[in-house]
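Dear colleague,

I am handing over the structure we spoke about, and my notes on it follow below.

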Amino acid sequence: MTTSFIQIEGLSKSFTLHNQGGITLPVLNLVDLKISSGECVVVTGPSGVGKSSLLKCIYGNYLATEGSVHVGPPETALDITRAAPREIVNLRRYTLGYVTQFLRIVPRVPAIEIVMEPLRILGVDLDEARERSAKMLARLNIPERLWSLAPSTFSGGEQQRINLARGFIVEYPALLLDEPTASLDAENRQVVVGLIEEAKQNGSAILGIFHDKEVRDAVADRELLLKELGVAA
Amino acid sequence: MNILSPEAHSKSSADGYNFAFLDEGTKRMIRRSILKAVAIPGYQVPFGGREMPLPYGWGTGGIQVTAGIIGPDDTLKVIDQGSDDTTNAVNIRKFFKKTTGVETTEKTVEATLIQTRHRIPETELSEQQILVYQVPIPEPLRWLEPSEAETRKMHALYEYGSMYVRLYEDITKYGHISTSYDYPVIVNERYLMRPSPIPKFDNPKMDNMPALQLFGAGREKRIYAVPPYTKVKSLDFQDYPFEIQKWEQSCSLCGSTDSFLDEVIVDDQGNRMFVCSDSDYCADRVREGTSQVKNNHQDTDVRGQE
Amino acid sequence: MDEPILSVTDLKKTYGAIRGCKNISFDIWPGEVLAVVGESGSGKSTVLNCTSARLEPDAGTVRYATRCDGLKNIFDMSEPERRFLMRTDWGFVHQNPRDGLLMDMSAGANIGERLMAIGERNYSKIRDDAGEWLGRVEFDLERIDDLPTRFSGGMQQRVQIARNLVTKPRLVFMDEPTGGLDVSVQARLLDMLRTLVSDLGLAAIIVTHDLVVARLLAHRMIVMRRGEIVESGLTDQILDDPQHPYSQLLVSSILQN
């Protein structure tokens with residue numbers, strides 16, 4: 001099980017703020033990383049060093065300044081930095097999952113439908129999607145009475161768990177996790193650890209940022225330490 | 001209709017006027033339009049409508065069509081709402097009598113040329129006859145689309161969906177199609193046409209009629225035609241098929257149960273009776289009925305003598 | 001996904017001395033939603049009108065993947081062909097629903113019109129189909145026989161959307177589909193649109209000045225300024241990591257809550 005699934009080579013990222021005098025902010029510098037199927041790599045480093053930016057570059061949310069990011073089995077991997085938008089959209093549907101810190105809320109959409117959406121996009125029928133989402137929400141200890149409500153009034157922890165449900169509902173072969181346990185209590189942190197373990201067993205390649213040492217120790221196989229200005233250790 | 005000889009011309013027309021009022025050049029123009037209309041059944045052909053001695057809305061279109069085709073050997077019948085003796089019918093008949101000297105008649109079977117407003121005669125017409133309709137608004141899509149440019153395009157591209165929408169709305173509102181006269185038809189499976197404000201009761205008569213049917217709209221300056229034996233189908237839905245009006249009553253004068261009946265108030269108490277709208281048809285039936293009764297009496301007399 | 005559904009090349013349109021748009025090139029693939037974003041005067045409406053055959057460009061081609069003949073320049077088509085396309089394969093959702101509805105016909109008749117235009121002649125079937133589509137846009141079926149003049153803006157817009165979708169178009173053009181609606185109505189409508197577009201696998205071009213709408217509805221985005229495209233790419237990438245100075249200006253102008 002050592003097939004490389006995520007391959008990052010010479011990745012650099014800097015921002016140029018044209019409307020603020022054209023200053024350039026370097027964030028990542030020549031990052032190299034290989035993650036295999038079934039492996040979980042954790043990114044560590046001081047706050048603001050660029051950990052989230054790394055995940056965003058892999059997801060295609062940020063445009064890399066230099067280097068390449070390949071996702072997928074070696075024969076058919078897609079280079080995110082050079083792919084067409086529709087190829088990235090396709091990758092995000094079937095292959096690459098991403099759990100962010102923040103739940104982007106569309107007003108008035110019920111929690112369960114937020115979780116169902118990635119399944120519906122894959123063509124899973126309404127009833128099955130609903131059933132699977134219900135199971136996931138139950139697992140993450142979201143009480144049933146909240147399922148038909150829009151999450152805008154939920155607590156931070158509840159919103160985070162909706163986010164997690166949505167992120168884990170599809171078994172993605174590659175997964176990016178940005179502080180998945182940030183606002184959770186001990187019990188729910190364990191649920192997340194369980195979800196990550198299962199994903200690993202299913203062969204997912206995982207890159208995560210975990211503030212909590214306990215969770216880190218439970219799931220990480222390797223560590224990537226980012227130093228100031230994003231130089232890989 | 002023979003080509004007019006100068007003698008016939010001067011003999012039969014009113015002083016100072018050409019035969020049938022219009023000059024020969026205008027008549028030729030009208031005939032060209034008619035030929036085009038006959039070649040494209042249901043299609044509205046623009047024509048150079050002339051000033052007529054009566055205002056728009058009184059049949060100037062029909063009169064111009066009739067004037068374009070009438071000849072000294074024709075026998076003309078003019079009806080309005082099925083009757084030969086309403087003001088309009090009388091005046092138009094007099095007009096043509098004066099300007100052409102042709103024979104006129106009230107009997108449908110004797111006429112070669114029939115000009116009509118708002119009805120088709122009950123008596124079946126023959127291949128030797130021509131029926132000329134007076135049309136107020138020729139464009140069936142006018143109430144749906146005010147732009148002339150757009151309605152022309154719709155006809156050209158066979159885009160008649162909006163007409164069906166109007167019928168759909170009727171069924172939604174009233175449970176049936178509420179249009180009861182000037183009911184739109186498709187002619188020769190191609191053009192959408194307005195048959196003029198005849199009751200929908202008359203629509204089936206247009207289908208496969210042996211006579212030539214010509215339509216003239218004076219104000220709008222359009223001529224259209226349905227050649228003999230042409231398919232004319234009234235618009236409907238598969239599950240709401242076209243239906244004609246029916247009466248519970250029969251004609252008080254002749255007893256007919258399958259002609260179009262007018263309701264007539266007979267006194268101040270509001271008493272009413274139903275009579276055939278087609279006065280000639282009704283009179284014919286009454287004559288037949290009287291002679292039948294006469295025959296019956298004769299039989300009895302004969303028997304009585306035995 | 002081997003051929004785009006719409007392919008625009010070097011599109012140019014000027015209004016006298018005023019430049020509507022120029023150097024516009026992009027492709028849309030089946031099932032892809034593209035947002036055309038820009039401020040007033042950017043040329044985005046011109047692009048929408050040219051690509052939807054409502055306006056003839058001065059230069060360039062707009063090729064559509066017809067069902068039988070492959071990619072064909074829509075301006076080389078005969079008018080009947082183009083009009084038929086616009087009534088069946090394509091949809092157009094106007095910003096103001098009044099522009100896209102028959103205001104004096106019932107909601108049901110509005111939806112049924114396209115069906116009747118392509119030859120449907122069974123009243124019950126037309127009404128059933130209309131009802132089904134009204135249901136899909138979350139419209140109260142009790143009001144199927146009411147006139148649009150009695151509906152709120154949001155309801156009118158739902159009817160307009162249903163009217164466009166009833167012939168199962170493959171490509172839908174939208175001009176500020178929720179502009180002019182109350183904010184409370186917009187969100188629900190946007191989400192309904194998003195789900196419908198996704199469920200039906202529609203390709204769409206959406207013109208909007210509202211970046212929130214773009215983020216919600218579109219996979220891809222092009223940013224227009226003074227008639228030209230200044231940036232093009234994934235919607236979330238342009239919104240989170242804009243490259244062009246104008247894009248950065250636009251994005252930074254959204255009030256964050």
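**The interface of chain C and chain A**

Between chain C and chain A about 2200 Å² is buried, with carbon and sulfur atoms giving 50% of that area (buried area being the accessible area, with a 1.4 Å probe, that two parts lose on being put together, summed over both). Of the area that chain C buries against chain A, 23% is supplied by Arg188(C), Leu234(C) and Asp241(C), more than by any other three residues. This is a predicted model, in which local features need pLDDT of at least 70 and side-chain atom pairs count only at pLDDT 80 or more, while totals for chains, interfaces and linings use all residues. Residues are numbered from 1 along each chain as its sequence is written, chains are lettered from A and ligands numbered from 1 in the order in which they are written, and side-chain values use heavy atoms, with hydrogens and water left out.

In terms of contacts (heavy atoms within 4.5 Å), 25 residues of chain C meet 26 residues of chain A. The rule finds four salt bridges across this interface (a side-chain nitrogen of Lys or Arg within 4 Å of a carboxyl oxygen of Asp or Glu), and Arg120(A) forms a salt bridge with Asp199(C), where the closest N and O atoms are 3.6 Å apart. On the side of chain C that touches chain A, α6(C) gives the most, with seven residues (helices being DSSP runs of H or I, at least four residues, and strands runs of E, at least two, numbered from the N terminus).

**Arg119 of chain B**

Arg119(B) lies in the loop between β4 (113-117) and β5 (130-134) of chain B, and because its relative accessibility is 2%, Arg119(B) counts as buried (under 20% relative accessible area, with exposed over 50% and partly exposed in between, for a 1.4 Å probe and protein chains only). Its side chain makes a polar contact of 3.0 Å with the side chain of Glu122(B), and another of 3.0 Å joins it to the side chain of Ser277(B) (a pair of N or O atoms within 3.5 Å; within protein, one must be able to donate a hydrogen and the other to accept it, and residues adjacent in sequence count only if both atoms are side-chain atoms).

**Confidence in chain B**

The mean pLDDT of chain B is 90, and 90% of its residues reach 70 or more (pLDDT being the predictor's confidence in each residue, from 0 to 100). Where pLDDT is low, the predicted coordinates should not be read in detail.

With best wishes
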